[in-house]
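Here are a few exercises to work through with the structure open. Try each task before you read its solution.

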Amino acid sequence: MSDHSLVGQKVTRTDSVEKVRGEAKFTADLSLPGMLYGKILRSPYPHAKILNIDTSEAEKLPGVRAVITGQKDTLPYKWGVVPYTRDYQLLPIERVRYVGQEVAAVAATDEDTAKRALDLINVDYEPLPAVFDPEEAMKEGAPSLHDDKPGNICVAVEIDEGEVDKALAEADFVLEGSFSAPEEDYCEAEPYAVLANFDSTGVDIWCPNAGPHMKARPLSAALGIPTSKVRLHRVYIGGAFGGRSEVSPADVIVCLLSHKARRPVKIVYTYEENCNCIRQEVAWSTNLRMGFKDDGTWTVGDFKCIVDGGAHASTGPIAVSVPYMELETTYPLKNLRYNGYRVYTNKPPRGMHPEQNRAFLIPIEMHLDMAAERLGMDPMELRLKNAMTPGFTTATGAKITSCGFTECVQKAADKAGWREKKGKLPTGRGIGMACGSVMSGFPMGIRGGSSAFIKFNEDGDATVISGVVDNGQGNESMVTQIAAEELGLPLDKVRLISADTGICPLDPGAYSQAATLISGGAVKEAATDAKRQLFEVAGKMLDAKPEDLDARDGNIYVKSDPGRSVLLRRAVTNAMGNNITIMGRGYRWPKIDPDREWVSNPRGQFASTYSYGCSIAEVEVDRETGKVKVLDMTAAHDCGYPINAMAVEQQIQRAATSSGICGGVFDKILWDKGQTLNANYLDYWFPTALDVPHIEPIIVSSNDPFGPFGAKEGSLSISISMYSAIACAIHEATGVWLKEAPFTPEKVLQALEKEYC
Amino acid sequence: MEQHKIRLSVNGEDWELAVAPNKTLLEVLRNDLGLTGAKEGCQDGTCGACTVLMDGKAIRSCLVLAVEAQGKDILTIEGLSKGDDLHPVQEAFVTHGGVQCGFCTPGMILAAKALLDSNPEPTDKEIRTAISGNRCRCSGYTKIVESIAAAAQGQRRR
C-alpha cells in the first residue's frame, strides 16, 4: 500500500480554505430574493389534546404572509424510520406529546413580526396526564402516548443466542451490576436552520443533514409531491453527530410555509430549539450479568436495558440495537442474551449518537475490570485474553473479517505507558482501558448502497458526482482523494458535486458509519471504470495495451517503460475530439444478510466490516470536591487503512473528547416535568480547550478486504470506549465503581461516601 | 423603531450605517454588510462563534450592540486575508488540520490572531486559555492548538 500518491498520507483537506476565509456558507448564511422569516409556535405542555387553533389575528398582522397548522395544512402522514415505527405526525393534528412540540408556524417579512404573530395565535389545549420516567411509563395505568403501543413499549429487541442460562450456571463466577445515564445533547456548533423555496417546479431545500436522500423521500410523502421534485442541496454543515439524520418537523414546516406564501422561507433555530426540538440522545439503564472462567475467559452475558426514547420512535430499532451489536463484535461471546426496550415518555424524541450508548458499554468494561481485579489479572491481559480475532462469527451470525483488536490494545498500551503506570500511580490518580468495535454501515434497506459518476471537463480535470454528505468529518475530501488516487490525478484536479438529491444518486449519507466503505467504495469503482475507458483511448495514443498502462500525477504511462507517457488531460481531449464519451460509473452495496431485521429477525451479517479500537485514559480525582480531571487520553483505532491520515487523526481526537470528556464527565440534560432546564452552554457543561488534555491518536491498519484501499470507518471505536476507560481509571484513583454517567463531582462524592463496590 | 447613524470601519472600509438601537454588531455585520463569516451559535454569548476583533481585541459581537461600535475598527474573518494570500494563522489552520466543519473556525482564528498579536510566544496553556471562549464540537481542540502554535512559530521565523 506504500506506493499510493495520496491515500494513506496526511493530506490537506479540500474544504479547508473556504472555511478559514469565512466563505463557506451554512444554511443561516443563505438568503434568496423575497425571502420570508419563519417562526414556530410550540407546545408548553408535555401531553395535551389540541382542541382548536385560532390563527385569525396572526394572519391579519401586517407583514405576515403565511400561517400554518397541522389541522389545516398537512397531509395525514406519519413518519417512521421503518414502517412499523410510523408514529410521528410532523405537525400534529390532534395531540402534542412533548414540551416544545411544533403546533403552528408563521412566515413574515422579518423575524420580529413573525415572533409577534406567534403571540397572536390562540391554541386551546386540554392537558393530559404525562409520564416522564420509562419505568413508570411501562406500568399499568400509565398515560398512553400511542394507542397502538400498549405499555408504551415503542420497540422491543429480544436476542437470545447460545445457551445463556447453562453458561451462567457453569461459569466459575458471575458478576451482576447496573448502570444508567441521562440524556445528552448533540451540541452541534451550528443551530438547526432550514431554507426552502417551494414553487411550480417543486421544492429546493437547504438544511444541515446527515443524508439528504433520507429526508427527500419522507418529505415527498409529507408534501404529496414526487420525490424527484424534492431537491435537497449541498450546504456546509456545522456538525450532525447523529442528530440530523432523519426528517425533522422544521423541514416540513418550512416547505409548507413557502408553498403557502409562494416565497422562499427560512427558519433558524435558537440554541434551545436545537437542543429540544431536533433530537436528543436517549436516556438508558442497564442491568447485567456477566459470567467468567477462573482463567479470565468471559463466557456469557445477559443484559436488560430500558431506553427512554421520548415521544416518538425516531430511529428506535436502530438506537436500541446498535450498542448490543457493538458488544457482539468487540468480544467473541457465543452466549448472549439482550432484552432492549425503548419506551415512550413525554419528552422530545431521541435518535442515534456516536457515543452509543454509554450506559450499556461503560458497565461492561467496568465489569471486565472487576473480573480482572478478582482474578489478580492486569485488565489489559484480560482483554487480550478475550480479544476478537478475524474469522470469528458472532452470536447472531456476523462474520468478522479484518480485526485490529490486539494491535490496538498493544499500541495504545505502549504509547500510554500502561505497564509503567497501571497500579503504580500516586494516590488519587488512575489509568483505565476499554475496547470497542463499530460496524461500517448497517442495514438501511434501499438506502444502504451508493452510486457515483465521474465525468471529465474540457481541461482534463475530473468531476465526481456522489451523494456523500460531509458534516465536518472530511467525507467530501475523502472521496475526492479516493477518486484522485484511482484516476492518477493530483488532488486539485478533481472536483466534487455531492449531497444533492436532484443530481446525485441514492447514498446512505454520513450515517451508519458508511461514508468511507460505501460512498468511498462507489467512487473508487467509478474511478476504476473511468480509468478503464481512458486507458482504451490512451492505449491507442501510446500504441500499448490498456492493461499495460498506469496513471499517476496526471500522467498515463506504460508500466514497463514509464518514459512512454501521455498527459491524462491530452487523453481526455483526444477522446472528446474523437467523439468518445468517458463516463465512470460505480456502485457499492454493503454485504448484509437481506433477511436480517432489527426486531423480527436479528440474525445474520449486519455490516460489511467492523472497526476496532482501544482507549486509555489517565485521570486525577480530587477526593474533597469529587472533580475528575482527565490528564491524558491515548486512542488507537483500526480504520482498515487511512485514506487521509490527517482526517482520521482529527476524528480520533474528536471521538476521545466527545466520549471521554463529554460523555464521561460532563454531559447531561436536566429536567423538570418534561421541560429541559439546561438548554444553553452556561448550564449544560461543554468542554473548553482548557478541559481537554493532549490526545494521542494512533492509527492501526488491518487492511479490510472490502473497503476502498482497505479502509473502513474512521473513529467510532473510540467514541464508544473512552468514557469506559475513564470510568475504570476513576476506580483505580478512588476505589469506587460509579453507577451513573456522567461522572460529575456530585456523583463521585456520593460514591466515595457510600464506598460503593 | 428610531434608527441611529453610526460610523465604523470594517475590514479597512469606512461605513456609515443606520441601525436600530437593539441590533447587535453581529446582526449588522451579517445582515447589513453581508459578512456572514461571524456566526450565531448560541445567542447568549457563550460559544464564541461570533468573535470579531474590535480595535484589535477579541469580542463577542452578539453581546455588543451595533451602536456601541460607533467609531471602532472592526476586523472580521473576511478581512484577514489579502487577496488570494492567507494570513499565517489561516494558513496554519489549513495545513495542520485545525479545520473540520468550519463553523467555529472564523471565531477561533480571530481569537488566535488577537493572542499572537499580543503574545507571539504563547505556551500551550496560554493558547488554550485564549481560545477557551470558543467552543468546538468537532476537534477536541488538539489540532487547533497545534495550528496556533505552528502559526506562532512561523511568525517568529519571519
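**Exercise 1.** Work out why A:His731 counts as buried.

Solution. At 9% relative accessibility, A:His731 falls in the buried class, because buried means under 20% relative accessible area, exposed over 50%, and partly exposed in between (1.4 Å probe, protein chains only). Before going on, keep in mind that this is a predicted model, where local features need pLDDT of at least 70, side-chain atom pairs count only at pLDDT 80 or more, and totals for chains, interfaces and linings use all residues. Residues are numbered from 1 along each chain as its sequence is written, chains are lettered from A and ligands numbered from 1 in the order in which they are written, and side-chain values use heavy atoms, with hydrogens and water left out.

Helices (H or I, at least four residues) and strands (E, at least two) are DSSP runs, numbered from the N terminus. Then look for its partners, with contact meaning heavy atoms within 4.5 Å. Skip the neighbours within four places in sequence, and A:His731 touches A:Glu373, A:Val736 and A:Trp737.

**Exercise 2.** Find where A:His312 sits, and decide whether it is buried or exposed.

Solution. Start with the loop between strand 17 (298-310) and helix 10 (316-330) of chain A, which holds A:His312. With a relative accessible area of 1%, A:His312 is buried. Now follow the side chain of A:His312: it gets to the backbone oxygen of A:Asp87 at 3.0 Å. Beyond four places in sequence, the contacts of A:His312 include A:Tyr88, A:Arg97, A:His146 and A:Arg342.

**Exercise 3.** Describe how the rings of A:Tyr45 and A:Tyr125 are arranged.

Solution. First, the rule: rings of Phe, Tyr and Trp (its six-membered ring) pair if their centres lie within 6.5 Å; planes under 30 degrees apart count as stacked, over 60 as edge-to-face and the rest as tilted. That gives 19 aromatic pairs over all chains. A:Tyr45 and A:Tyr125 make an edge-to-face pair, 5.1 Å centre to centre with 65° between the planes. This pair joins distant parts of the chain, 80 residues apart: A:Tyr45 is in the loop between strand 1 (36-42) and strand 2 (48-54) of chain A, and A:Tyr125 is in strand 8 (residues 122-127) of chain A. A:Tyr45 is partly exposed at 33% relative accessibility, while A:Tyr125 is buried at 17%.

Now try another pair: A:Phe442 and A:Trp598 are also edge-to-face, at 5.3 Å centre to centre and 80° between the planes. Both A:Phe442 and A:Trp598 are buried.

**Exercise 4.** Work out how much area chain A and chain B bury between them.

Solution. Buried area is the accessible area (1.4 Å probe) that two parts lose on being put together, summed over both. Here chain A and chain B bury about 3900 Å², 55% of it on carbon and sulfur atoms. A:Val20, A:Arg21 and A:Ala689 supply 18% of the area that chain A buries against chain B, more than any other three residues. Counting by contact, 55 residues come from chain A and 49 residues from chain B.

Finally, check the charges. A salt bridge is a side-chain nitrogen of Lys or Arg within 4 Å of a carboxyl oxygen of Asp or Glu, and the interface of chain A and chain B has 4 salt bridges. One of them links B:Lys23 to A:Asp112, the closest N and O atoms being 3.9 Å apart.

Technical notes. A polar contact is a pair of N or O atoms within 3.5 Å; within protein, one must be able to donate a hydrogen and the other to accept it, and residues adjacent in sequence count only if both atoms are side-chain atoms.
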